[in-house]
Amino acid sequence: MRTGSAYHLSVALHFRGPLDLAALHTAWTGFVHDNPVLAARVDPAGPCLVPGPVPSVRHHTCTSADLEKLQEEETAAPFAPDGALARPTLYTTGPGHHTLLLVAHHIVFDGESKDVYVSGLARHYRAATQDPATATATATATAPPDRPQTPLSSAPALTGQAVDAAARFWAGRWRESSAPSLPGQAAHSLVDPVAPAPGNAAGFRLDGRRHARLTATAHALGLTRFELLTAAWHALLLRYGNTEPATAVELSTRGQAAPGRAGLHVNELPLFTHPRPHVPFQEFAHEVREELRALYAHRPVPLSRAVRGLTPRTALCPLSLSYRRRTTSAQAVFGDALDVRTEWIGFARTARNLAHLQLVDSPDALEGSLQYRTAAFAPEAPARILTHFLTLLDGVLDAPDTPVAGLPLLPPQELALLLTDTTSAPGNAGISLPALFAAQAAATPDAVAVVDGDDEISYARLDAAVRRFAHRLRERGAGPGSLIGIALPRSAAQLVAVLGVLTAGAAYLPLDPDHPEERLAFIRADSGLTLQVSEGSGPGVLAPEPLGEPGTPPPAPAPPALEDPAYVLYTSGSTGTPKGVEVPHGALANLLATMGETAGARPGDRWLGLTSLSFDISTVELFLPLVTGGRVVLVPEGRHRDGDALTGLVERHALTHVQATPSGWRLMLAAGLHAPGLVALTGGEALPAPLAATLRRAVGRLVNVYGPTETTVWSTSADIEADGPVTIGGPLANTRTYVLDERLRPLPYATTGELYIGGSGVAHGYRGRAGLTASRFVPDPFGPPGSRLYRTGDLVRLRTDGRLEFAGRSDTQVKIRGHRIELGEVETALCGHPEVAQASAVLRDGADGEQDRLVAYVVPAPAGPVPSPDALRAHLARNLPAAALPAVYVVLDALPLTPNGKIDRARLPEPPRSRDTADERVTGGGERGIVAAVLAIWRHVLDLDDLGPDEDLFDLGGHSLTITAIAGRIRKEFGVSVPFDAFFDSPTVHGVASCVTDLMEENR
């Protein structure tokens, strides 16, 4: 395990004034004489420290502009294997301007040692300046002092009783911590969040009145400032969505002999809390206090001594916190002749984990530094996290009895940005669809409006049929408030029926002939149909209108009001009772206007009429061309899943616009789609990045659109550029999008929350279901009076550029061995494999005492090989934590879909439960034979006959002796030596077997 400079500590003293260099050298030598651990070296013969000569103070002259860079380089520079573990360097940047930087390894130094160092060095400096002869005589001394030295370590000896007590304490508390949810966090930060990596830091300073209020509030609540700040940090983590925050905290282990002496006298222990959103902060802070004080009783015992199978690591948790109270004033102790400033917080540019919050509390200020893994966060995110922390802390100081979930999080500037409405377009939705279509037909009567097979239908001919059908409906009593079922296959007759219903002022209800009759019967009964348009005859049935010649059609009825229903569409029928979403004419008109701008719709454009009328995205491809002077080319019934037929239509009709789900685009790409002039719109399900890249190369423009039926088809859009990120973009015109918490408060940029949508597209609600409507359509606290927001149930993150990133469903988050896993992220990672076309992930309940299992279902890419479980597992392991790796991989020809074309998780087949099935994958020759042999070794060493190839060694109680035994047996059987680190990097049979395979290849 390469730790880099993760264990380097530094403290800098900036001197302004007449610094006596000889006295400073003398002071350093005297201080090390008192603290010989700073002169110690690592014994090459064993894991202990041995005395060494006092390291000399190096002296460099530089410019003030170069000082910061030189300090950073020196802080990060490695220590020589046989050298001292402390390095003092004096930088002179001009007359009377000096900086003394001390860099020490954590083996011999800790946070409290900085106080010891500053006060001790100052004490020796004063003594040396009072006796110049002494200063001159000892300035260059480097040999160890002659007088008896104090021990190199003063850590208290651990008793068996203390270790046993700690083991009992942690037996009910310890758990591995998954990567937390933090704003601006990159997906790959989930992988090994407790490993060291290149880092950076963001800082803050709390002084003046705010610092005084911190002291007063802590005192009033009966807390230390450390306890108050720690509780505030965990409250912030809860607000970010972490329901069980965990932070490793550094605790002093100094005994009575240790104060006043440098050395390593800290132990890092994890703090687990369970903040409840509605509990007052002060109550939660006292819970944190009790948990901290429970930790104090076991602070001398390293967690590795108390918890079996704990893997070596640079940090116990992805997040950690240290707090130091400073009482030393460098100005006072060095004397009045010097102006001295102490730089307590130093960072060696190596993060020990995902993020570490370092707090230094001086008498007049609180300084903080968030030291984080650089690659794990967007550049501006860490500073924003600190701003949220201080905003929440101010809320605590103002009203500590506020519920944790009620504390403020966003500073005014960020809140204002999040609530600014930039999409208002008042002229977009003033005319209903029937009026828009009639105006277009009057403007271009001879232009082709619809292509149905070999029949090209002009606007005049279509308009005449629509008017005649609208009058037939009016004669049957249909009008505003009526609901007309459309039970026709995709055809020009279907389009006439739909436009005729709308022109009559009624609303249409799709009754897809391909849907199960039981579902259709329920919809008919539940919706309260006035009439049904279908072939045949009977009570309540109206035959479709034949498409004759235009002639002299009757005048169109008065257009419907914008608030009148335009259509009702039933959704979510696979796992619950279908519910009808009622969409008004105003919402539909706004959609067509904004999508016309988004898609660049113009007269003469050619659109593909691909989608079933029961899927609301059909409104765009059927109606948008007819209100912008284009034409719609209808896909023949039964050919909508024929990739060759669809691609043929694109080419034959020189289509300019095609809208399809990602599944539909896969069909066309597999059929060789290449249309450089095509505008491709994709939506209805998440767009995987690999598919986006392939599709973007095949078309001229790719637009990713998103929206639930309840907000009228599409609510956001994003142009996807080559090699650019795949997002769902920003809101369409007259649409407002908010990322909110459970209290309907805006969440920070890059924080995952539920997407709420408001504006002109919000539907009336669920037909005949007032209670369900009230639960999903809620008052808009940010919009005009009476406006509403729709709760989508979709999880998103708002980027600082205003684009939304889709993060899965709020109802697809699961927990595996205590780790929070988003199924959507697993599915996205699976789709990133080149041999996978589609994927779904499901957590299956365990049976007969087995653990719950994460199951992956994959559909191979067209004309490609079937991906192997080993290949999929290796692919996922590069992007997901171990807990998120599926236990079983099931290959399907196709994923089951709901009637609206979305993945139907309830119909995914149950995978085999027998361990024998898992073992079948690891038998045979070659790589599988190696996996089988390694599995047999593990089972023998661990004495577990039913151990599987994907189980974690350390979850099974493995430790260093276990690793030694397994490695020895592997060496005997295969003739290769597996490195010790391999067991920590990939602690499964598959991981170690892969290492064995690589080593054998190298030896050939």
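**A buried arginine and a helix pair**

Student: Is R87 buried or exposed?
Tutor: This is a predicted model, in which local features need pLDDT of at least 70, side-chain atom pairs count only at pLDDT 80 or more, and totals for chains, interfaces and linings use all residues. Residues are numbered from 1 along each chain as its sequence is written, and side-chain values use heavy atoms, leaving out hydrogens and water. Buried means under 20% relative accessible area, exposed over 50%, and partly exposed in between, with a 1.4 Å probe and protein chains only. Because R87 has a relative accessible area of 12%, R87 is buried.

Student: Which residue has its backbone oxygen 2.6 Å from a polar atom of the R87 side chain?
Tutor: R87 touches several residues beyond four places away in sequence, among them E74 and P78, where contact means heavy atoms within 4.5 Å. The backbone oxygen of P78 lies 3.3 Å from a polar atom of the R87 side chain. At 2.6 Å from a polar atom of that side chain lies the backbone oxygen of E74.

Student: How are helices α7 and α8 oriented to each other?
Tutor: Helix α7 covers residues 225-239 and helix α8 residues 281-296, and they pack with their axes 9 Å apart at an angle of about 115 degrees. Angles under 35 degrees count as roughly parallel, over 145 as roughly antiparallel, 65 to 115 as roughly perpendicular and the rest as oblique. Therefore α7 and α8 are roughly perpendicular to each other.

Note on methods: Axes fitted to C-alpha atoms, helices over the stretch in contact; angles between N-to-C directions. Helix = DSSP H or I, 4+ residues; strand = E, 2+ residues; numbered from the N terminus. Polar contact = N/O pair within 3.5 Å; in protein donor to acceptor, adjacent residues only side chain to side chain.
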